[in-house]
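This report covers model confidence and the surroundings of two residues. The sequence and structure come first.

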Amino acid sequence: MGFLDGLMGNASEVDREKIAKELEEVLVEGEEFQSGYKVLRDSFIFTDKRLILIDKQGMTGKKVGYHSIPYNSVTHFSVETAGSFDLESELKIWLSGTSEPIGKTFKKDSPIQEVQRNLAKYVL
């Protein structure tokens with residue numbers, strides 16, 4: 001992913017070796033990384049057990065938030081693709097026990113459909 005793509009928010013697949021090292025302390029025994037997408041500094045990581053949203057914070061990105069979502073807690077999700085004049089796509093995920101969804105914004109031409117397809121694969 002080029003620097004300009006990152007600034008524009010275009011998603012790309014994560015580097016498998018780099019993410020494996022980053023997730024060493026996060027994954028439980030027997031849990032396996034399946035696929036992942038990166039948008040700027042944030043990532044969507046699909047494992048065989050859950051979706052992990054990685055939120056890198058601060059100027060250096062050393063502060064990291066890991067939002068772990070077991071697939072069985074997803075009640076529904078939606079994708080809104082960018083139109084002719086709308087430059088952003090949006091993914092919303094509703095979890096059981098919550099009224100407000102988790103929302104993530106993607107720039108136009110990001111592979112939001114791939115992210116949605118992976119989410120559907122594990123949730124449905």
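## Confidence

In this predicted model, mean confidence is highest in strand E6 (residues 74–80), at 94, and lowest in helix H1 (residues 3–8), at 40. Confidence here is pLDDT, the predictor's score for each residue from 0 to 100. Helices (H or I, at least four residues) and strands (E, at least two) are DSSP runs, numbered from the N terminus. The protein has an average pLDDT of 83, and 90% of the residues reach at least 70.

Over residues 1–10 pLDDT stays under 50, and the model has 18 contacts for them beyond four places in sequence; contact means heavy atoms within 4.5 Å. Where pLDDT is low, predicted coordinates should not be read in detail.

## Basis of the values

Residues are numbered from 1 along each chain as its sequence is written, and side-chain values use heavy atoms, with hydrogens and water left out. Local features need pLDDT of at least 70 and side-chain atom pairs count only at pLDDT 80 or more, while totals for chains, interfaces and linings use all residues.

## Thr 47

Thr 47 belongs to strand E3 (residues 42–47). Its relative accessibility is 0%, so Thr 47 counts as buried (under 20% relative accessible area, 1.4 Å probe, protein chains only). A polar atom of the Thr 47 side chain lies 2.9 Å from the backbone nitrogen of Arg 50.

Leaving aside residues up to four places away in sequence, Thr 47 touches residues including Leu 27, Phe 33, Ile 52, Tyr 71 and Tyr 122.

## Gly 65

Gly 65 sits in strand E5 (residues 63–70). Its C-alpha atom is 4.9 Å from that of Asp 55, 10 residues apart along the chain. With residues up to four places away not counted, Gly 65 touches Leu 53, Ile 54, Asp 55 and Gln 57.

How values were computed: Buried means under 20% relative accessible area, exposed over 50%, partly exposed in between (1.4 Å probe, protein chains only). A polar contact is a pair of N or O atoms within 3.5 Å; within protein, one must be able to donate a hydrogen and the other to accept it, and residues adjacent in sequence count only if both atoms are side-chain atoms.
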